[in-house]
Amino acid sequence: MMLKSVFTTAVLGAALAVSGGSSAQQPAQNPLDVIPEKMPFDIPSGTPITLDRAQAAVAAAIAESKKRDWRMNVAVVGPSGRLIAFARMDGAQRASINIAEHKARTAALYRRETKVFENAVQQGNLHYILTLDDVIASRGGIPLVEGGKLIGGIGCSGGTGSQDEAVCKVGAATINK
Amino acid sequence: MKTKPCLTLEDCKKIGAACEAEARKNKWNVVIAILDEGGHLLWLERMDGATPANAEIAIGKGRTAAVTRRTTKTWEDRIAGGRLAMLGMPVLPVQGGVPIVVQNECVGAIGVSGVQSHEDEQIANAGIAALG
């Protein structure tokens, strides 16, 4: 009985708010209800990155990692998300083999840095992101974009997310201008 | 305690370069994967023109050779010889995966995919030869 009356009040209250337009009574709006005008991260696919350039990106990331005395796994994938070049530095942790590839794949398939997902979960409390297919919500994956077209993705793993990202950025900079 | 040799990234690059040279000589576009003795990926390259699927297959062949300490052709031959029960084993029984043995220890494996299976193995063997 008590429940029912509360329910009735709530429904009526909502109806009044809609008809009366008294915004003060409205519950907080769900930010996910907003419909943006444009597509986010709307990057068309280009010709997949060549092996030479993929290896150059891996080499750049490894050189940066060596400079800092870190041990990383570095993966470069094509727009399809499949591996083109990979290297594990001596002593790099094995769990990060798959993580590096995953970050590269997610960056390529979602056309955005994996940090976007990390921020969404960590700072935006958008936990639903973790239910999306093949997401990895950890920085260190960056799409490779040339002339406005997606040609692949690079992912690094082995240290903290911030270390991974520092190295990944150097690798990505060989393509992304 | 026993100590055993272990592949470095430099070793992988040397092996990979020899494999790639063998492939280029024959105008083959393949994926070359090098894994450690536990079947974990150390180094991989997909030559321009090889398919995305080749990347997965090369890793699968390499992993099989690494953890079983024998060529994937061994598995393929045994299954082709009638041991169909082996299809249920956690292996990719297709020629093109070769273990890397140093001082009588398996230190990893090479997996190649992209051309005919016996050609894949030919490329892998060129990598083994480069290690000396």
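Residues are numbered from 1 along each chain as its sequence is written, and chains are lettered from A, and ligands numbered from 1, in the order in which they are written. Because the model is predicted, local features need pLDDT of at least 70 and side-chain atom pairs count only at pLDDT 80 or more, while totals for chains, interfaces and linings use all residues.

Confidence comes first. The model scores ipTM 0.84 and pTM 0.84. Per-residue confidence is given by pLDDT, the predictor's confidence in each residue, from 0 to 100. Chain B averages a pLDDT of 97. In chain B, 100% of the residues score at least 70. Chain A has a mean pLDDT of 89, with 86% of its residues at 70 or more. Residues 1-22 of chain A have a pLDDT below 50. Beyond near neighbours in sequence, that stretch has four contacts in the model. Two residues are in contact if their C-beta atoms, placed from the backbone, lie within 7 Å.

The secondary structure follows. Helices (H or I, at least four residues) and strands (E, at least two) are DSSP runs, numbered from the N terminus. Chain A has five helices and four strands. From the N terminus on, its elements run α-α-β-β-α-α-β-β-α. Chain B has four helices and four strands. Its pattern along the sequence is α-β-β-α-α-β-β-α.

Burial was assigned by counting neighbours. A residue is buried if 20 or more other C-beta atoms lie within 10 Å of its own, exposed if 12 or fewer, and partly exposed in between; C-beta atoms are placed from the backbone. Of the 177 residues in chain A, 42% are buried. Of the 132 residues in chain B, 50% are buried. M1(B) lies in the segment before α1 (9-25) of chain B. This residue counts as exposed because it has 2 C-beta neighbours inside 10 Å. The C-alpha atoms of M1(B) and P99(B) are separated by 24 Å, and the two residues are 98 residues apart along the chain.

Overall dimensions were computed for chain B. Its C-alpha trace spans about 45 × 40 × 20 Å along the principal axes. The radius of gyration is taken over C-alpha atoms, and the globule rule is 2.2 Å times the number of residues to the power 0.38. For 132 residues, a compact globule would have a radius near 14 Å; chain B has 14 Å, which agrees. Among contacts with a separation of 6 or more, residues 24 or more positions apart account for 62% in chain B. The corresponding share in chain A is 67%.

The strands of both chains join in one sheet. Two strands pair if DSSP finds at least two bridges between them. Eight strands form an open sheet in the order β3(A)-β4(A)-β1(A)-β2(A)-β2(B)-β1(B)-β4(B)-β3(B), with antiparallel pairing. β3 (141-146) of chain A and β3 of chain B stand at the edges, each with a single partner strand, so one side of each is left without a neighbour in the sheet. Neighbouring strands are turned by 20 degrees against each other on average, direction ignored. Axes are lines fitted to C-alpha atoms, for helices over the stretch in contact, and angles run from 0 to 180 degrees between N-to-C directions.

Within chain B, six bridges join β1 (residues 31-36) to β4(B) in antiparallel fashion. I34(B) has I110(B) as its bridge partner in β4(B). Helix α1(B) packs on the sheet and touches β2 of chain A together with β1, β2 and β4 of chain B. Its direction makes about 30 degrees with that of β2(B). Helix α4 (residues 117-130) of chain B also packs on the sheet, touching β1, β3 and β4 of chain B. The direction of α4 makes about 140 degrees with that of β4(B).

Strands β3 (residues 97-102) and β4 (residues 105-113) of chain B run antiparallel and are joined by six bridges. I100(B) stands opposite G108(B) in β4(B). The two strands form a hairpin with two residues between them. In the turn, Q103(B) has a positive phi of about 50 degrees.

The chains meet through 16 residues from chain A and 13 residues from chain B. On chain A, α2 (51-67) and β2 (83-88) each supply at least two residues of the touching side. The largest share, six residues, comes from β2(A). Three bridges join β2(A) to β2 (residues 41-46) of chain B, and these strands run antiparallel. A87(A) has W43(B) as its bridge partner in β2(B).
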